[in-house]
Amino acid sequence: MTGLRLSNAWRRRIRSALLRFPAAQELRHDLRRAQLKVLRRPHDPDFEVLKALTLAPGEQILDIGANRGQSVDSMRLFQPTAEMHCFEANPLLAEKLERRGMAGVAVHAFGLSDADGEFTLHVPFYRGWMFDGLASVDETAARDWLGPRTIDGFDPAHLRMQAHACRLRPLDALNLAPAFIKIDVQGHEAAVIEGAADTLRRCEPILMIEHDGEAAAARLEAMGFVEHSYEGGTLRRTTKRRSNSFHLTLQGADRLRAGGLEVAA
């Protein structure tokens, strides 16, 4: 337990020091991106599954909940020429993605759900640094993580909140033909899947979902998608919640096997 407390304390100290230099935070992200690109390593090894996928003409790869584009970078390692579509509801992050000017990548400044809609996203900033990972529809939840427990010398005068109107649309309204979809939407997975039901039935893409819940998995199972996890270079059937779950139809499993990936029956 002592080691864990020391580890947390050191993380807090490093975070607190970096917050005095917001530009250094951006530089840190950029350097990490450059390092992974040079090493040709994904930020998450589960993206290696894409090595086995051959896209047909007109098919795309979708990143739902694109954040700062780390998943796009990882997917580009294995699918360098694929047409990609990024969806990011936070307009500040969508703008950052647009500024990167990624060839072959369309950035959509809205989120995906089961219907058209809008919501207010509360984004905390401390000393000019955006804590986008804490952004929430609940202003209190977005604000409360930042404090003396997480930042040395915390001064509430340096904390400010921004409220942004965000749009939502269903994937079925966009007439896309995805072969692979990554979804990371912090508990909104079931609504995304419901709004994509026609597309999923029509295209049978491989789905990679971060932290999906029981409702999302059950809905996908009813549409013929079987849950897998990526372990030791193999996709294995599972019902255990992992950081990433893969959901495949029989057609999707056969596509990956054709590309040389072992998919356990």
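Strand E9 (residues 206-210) and strand E12 (residues 244-248) run antiparallel and are joined by four bridges; two strands pair if DSSP finds at least two bridges between them. Within this pair, Ile209 has Ser245 of E12 as its bridge partner. The model is predicted, with local features requiring pLDDT of at least 70 and side-chain atom pairs pLDDT 80 or more, whereas totals for chains, interfaces and linings use all residues. Residues are numbered from 1 along each chain as its sequence is written, and side-chain values use heavy atoms, without hydrogens and water.

E9 and E12 belong to an open sheet of nine strands with mixed pairing, ordered E3-E2-E1-E8-E9-E12-E10-E11-E13. Its edges are formed by strand E3 (105-108) and strand E13 (262-263), each of which pairs on one side only.

The protein contains nine helices and 13 strands, defined as DSSP runs (H or I, at least four residues, for helices; E, at least two, for strands) numbered from the N terminus. Its radius of gyration is 19 Å, close to the 18 Å given by the globule rule for 265 residues, so the protein is as compact as a globular protein of that length. The radius is taken over C-alpha atoms, and the rule is 2.2 Å times the number of residues to the power 0.38. Of the 265 residues, 47% count as buried (under 20% relative accessible area, 1.4 Å probe, protein chains only). Among contacts (heavy atoms within 4.5 Å) between residues at least 6 apart in sequence, 66% join residues at least 24 apart.

Notes
Buried < 20%, exposed > 50% of the residue type's maximum accessible area, 1.4 Å probe, protein only.
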